[in-house]
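Subject: A structure for you to explore

Hello,

Here is the structure I promised to pass on to you. Please open it next to this message and look up each place as you read.

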Amino acid sequence: MTGIRTEPITINLGPQHPSTHGVFRLRVTFDGEEIIDAEPVFGYLHRGTEKLAETRNYVQIVTLTDRMDYLASMSNNLAYVRTVEKLADIEVPERAQYIRVISAELQRIASHLMATGFLLNDLGALATPLVYCFRERERILDLFEMLCGARITLSYMRPGGVFQDAPEDFWPSLDSLIGDLPHYFDELESLITSNEIVLARTKNVGLLTDEQAIDNSMSGPNLRASGVKWDLRKADPYEIYDRVKFEVPIGAIGDTFDRYLVRILEMRESVKIIEQCLEQIESGPIRANTPFFIRPPAGEAYAAVEGPKGELGFYMVSDGGVAPYRCKVRAPSFINLTPLRDMLKGWKMGDLIIIFGSIDIVLGEVDR
Amino acid sequence: MTKIISGSDLASSLEEKLPGCITESNEVDVWVSPESLLPVCEILKDPDGLDFSYLTSISAVDYIDSFELVYHILSMRNNYSGVIKCRCSSKGNIRGEPTVASVTGIWKGADLQEREIWDLMGIKFDGHPNLKRILLWEGFDGHPLRKDYLG
Amino acid sequence: MNHFPGFVDFYTFYELSLKIFQYFGFGDNAQWMSYLTAGVIISFIVINVMILSTAFYTWFERRVLGRFQVRRGPNRNGPFGIFQPFADVLKLIMKEDTIPSEADRPVFTLAPIALVAPTLLIMTVIPMGENSFLGSLNIGILFIVGVTSVNSIAIFMAGWGSRNKYAILGSMRGAAMLISYEIPMALGITSVLLMSGSLAMTQIANSQDIWFIVVMPLGFFVFMAAATAEISRTPFDQIEAESELGSGYNTEFSGIKFAILFLAEFMAPIVTAAVVATLFLGGTKGFDPIPGQIWFALKMFVVIFVLLWFRATWPRLRVDQIMGFAWKGLFGLGIFNIFIVAIEIMIFKTEDGTIGTSNMLIMSGINWIIAIVTLLGLMRIYGHKKLERPTPVPSPLANMGLEVD
């Protein structure tokens, strides 16, 4: 129809919006319901973690890392302490490595559960799948509480190991959880994976090809959903990942459904990893003999782990003092937002929410 | 295991393609001159050559007398990683705003990271499509990750 | 005067007040005065009963949703938390009633009233028991179709008046969606009218020797889907779309205005359940020791529960998918259903213009087969479950060099 004049409408999606997973702002220009431009605006949660780290000693920084990706504190701890260990050349006892891997994999399950639940919430499923996800996450948080007394901001790991051994009653609880988790996932999948509406909404929506994903430095499940078989746990095994057998699930075409499915499959693999760790773990010391004030020799180190959101890396420069000279975080949530604009263009308002939700970011990590 | 390409190997293969681009190199690191950063990155990304298709991260460090940019790059196909560094300082005023060529044209993943570095460290990236502050607000005074910033 | 007397009927009150006014000697004035009095009393009853039942319904919905979501739901105020809605309303009334400075004040203020009024009006023509209806109307169902269409105007008023971009997006979606879904809804109703041969709600209910849900499942499906969309519940809650638009058309409303919008929104399932119970579930019919009113309430309850079930388990469809579903799916199905039903009626109609019970049973047998075949066929053709997807192939761009295995 000619003669009808239409105007694009610009909407500030956020910072207060139910589906931006925190204080995130997206300046979107719509043509009716179709997105013609989108610009992410963030920084509302910027706390200057990198600057703060320069004034604290190496053990104190562990608490700062908790508050970055607050849904995956264990993985943050692990990435950080691994960098410090690389920097100061600290040997970690074997038992500590197993406990670290177990807790990091539990954290991955917890984080993926949150991602899946909130993706379904973004789809408009009125919290039912979300609450099911929360129910399962709750038991993992209970386990963390046994390990270190905290549930969210854990600060469990220390350069050279973990700060205390797992208590006696931790292992039977973990055993029973590991037994239950596959059933939980089956239940969740029966609710979601074969739901016609979920399929209609997510399939072929928000495509990201493998080339685009690599070019945009995507990492984690988002990269693997695009078909790129790249997992740091396999590609560059750290801790004891070279002693466990697991698959790296990948997606077929890199749409929203693939990103969801890869997360579900990864959770199943995580359960396998924990099972194998439980078989292999032996008693022994849990922390290397390190001083409280670690003074690494002047130099620099970059170490990364495969966090739930992607490659979480720390680049640290030491000048020989008690505090790092520079502590830079390679935040996966932050870098995963790079292709957001390209992914959103041409889709509708409802797709915006689920594409954004399927990238699974945590604003604490984006803004640091 | 991801193989780490040593600085001297990287330097020799780069020097072959583009003489004079390396200012300094040792066993671990290789320093690229800021003027030749862009052609060096193009050589690095070349799928027939070194094939560093993936830019892991860009970091900036303030060494008081100069700023250092650290590019962690990765070749997913061959599973090796490398590090290139670039020392930059603005002419005349050391604490000014040094300018480096933006690599967003080569690796799109540099987009947000370069904006973050401009925001927090105050290094300008020439050719970046949208170089604005990202974590702090427009009109913020100074660049907080610099060593001389008193917050 | 041709009417059915009932114990909560307009004419009951009319005659009662006529007697009273005549007793006090108002003479000629008594007639209009008693019309007025009866009208006020009826409105009073409808409004209060509906508000109270809506209050109860919100509590019920939250409890049931709680059960669906492995949690308890409101359980603090009163026994089983039954006074929760009163606390909520009290809170909303005491809140500041803000009007955005840029808002179109009269439109903004009128919108909640315009939304709640049609919902209440529908209730007046629903026969709720053997002889209990508020106003008998010989074109009851037409009245319902007419009155519900006011909803889209009210929602557009709310969105337009508040001058909020989210609200305007929500209300524009609402206008498009509500108008689209009125057509399949009317088509579903048409098949009922063909069967019953009357527009009066009591007649429709009485003609269901066998419930129409049994006789024409396809018509029920079309009507139910369209009605779910009309009350904008998941999977059709585009108007509110909490995760997309914040709160859609009611973003800017607060205080008592929001309470009224909320009321209209939660009254809609009750009204829908009443309409569905009358049109498809045999209205007040049941077996004997239990009175018709109870049967009606039970049927409403079942429909409400099914609507809640939809809400608790299904995600939302995208806006274009919803419109496509209305025009490509339900519209065709509705026409198809009318076509089938019309042919069957032509075959099975007896001399006196009625369809016997045995013939209805034959019809339902045929219709169930047709419905199942049609729906399964459509699912097979358009369903996403069987959509072919390529098996995941690792991209050649990455190679982890799996020497560790």
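This is a predicted model: local features need pLDDT of at least 70, side-chain atom pairs count only at pLDDT 80 or more; totals for chains, interfaces and linings use all residues.

**Where chains A and B meet**

Let's begin with the contact between these two chains. Chain A brings 36 residues to it and chain B brings 43 residues. How is the size of such an interface often given? The usual figure is the accessible area lost when the parts come together. Here, about 3300 Å² is buried between chain A and chain B, and carbon and sulfur atoms give 53% of that area.

There are charged pairs across this contact too: six salt bridges are counted between chain A and chain B. One to find on your screen joins Arg368(A) to Glu116(B), where the closest N and O atoms are 2.9 Å apart. Several elements of chain A give two or more residues to the side that touches chain B, including the helices α1 (49-53) and α8 (210-215) and the strands β6 (299-306) and β7 (311-318).

**A nonpolar patch on chain C**

Now turn to chain C. Trp211(C), Val214(C), Trp368(C), Ile372(C), Leu376(C) and Met379(C) make a nonpolar surface patch of about 560 Å². Which helix gives the most to this patch? That is α15 (residues 357-382) of chain C, with four residues. Trp211(C), by contrast, sits in the loop between α8 (201-206) and α9 (212-215) of chain C. Trp211(C) counts as partly exposed because its relative accessible area is 32%, which lies between the limits of 20% and 50%.

Another residue to look up is Ser196(C), in helix α7 (residues 165-196) of chain C. Is Ser196(C) buried or exposed? It is buried, because its relative accessible area of 14% is under 20%. Leaving aside residues up to four places away in sequence, Ser196(C) touches Ile204(C), Ser207(C) and Phe212(C).

**Two residues with positive phi**

Asn79(B) is not a glycine, yet has a positive phi of about 55 degrees. Phe80(C), also not a glycine, has a positive phi of about 55 degrees. Asn79(B) lies between β5 (67-75) and β6 (80-88) of chain B, while Phe80(C) lies between α2 (30-68) and α3 (84-94) of chain C. Asn79(B) is buried, with a relative accessible area of 6%, whereas Phe80(C) is exposed, at 63%.

Enjoy exploring!

Conventions:
Residues are numbered from 1 along each chain as its sequence is written. Chains are lettered from A and ligands numbered from 1 in the order in which they are written. Side-chain values use heavy atoms; hydrogens and water are left out. Patches are made of residues with over 30% relative accessible area and no salt bridge: like charges are joined within 9 Å, nonpolar side chains (Val, Leu, Ile, Met, Phe, Trp, Tyr) within 5 Å. Accessible areas come from the Shrake-Rupley method with a 1.4 Å probe; for residues, only the protein chains shown count as cover. A salt bridge is a side-chain nitrogen of Lys or Arg within 4 Å of a carboxyl oxygen of Asp or Glu. Buried means under 20% relative accessible area, exposed over 50%, partly exposed in between (1.4 Å probe, protein chains only). Contact means heavy atoms within 4.5 Å. Buried area is the accessible area (1.4 Å probe) that two parts lose on being put together, summed over both.
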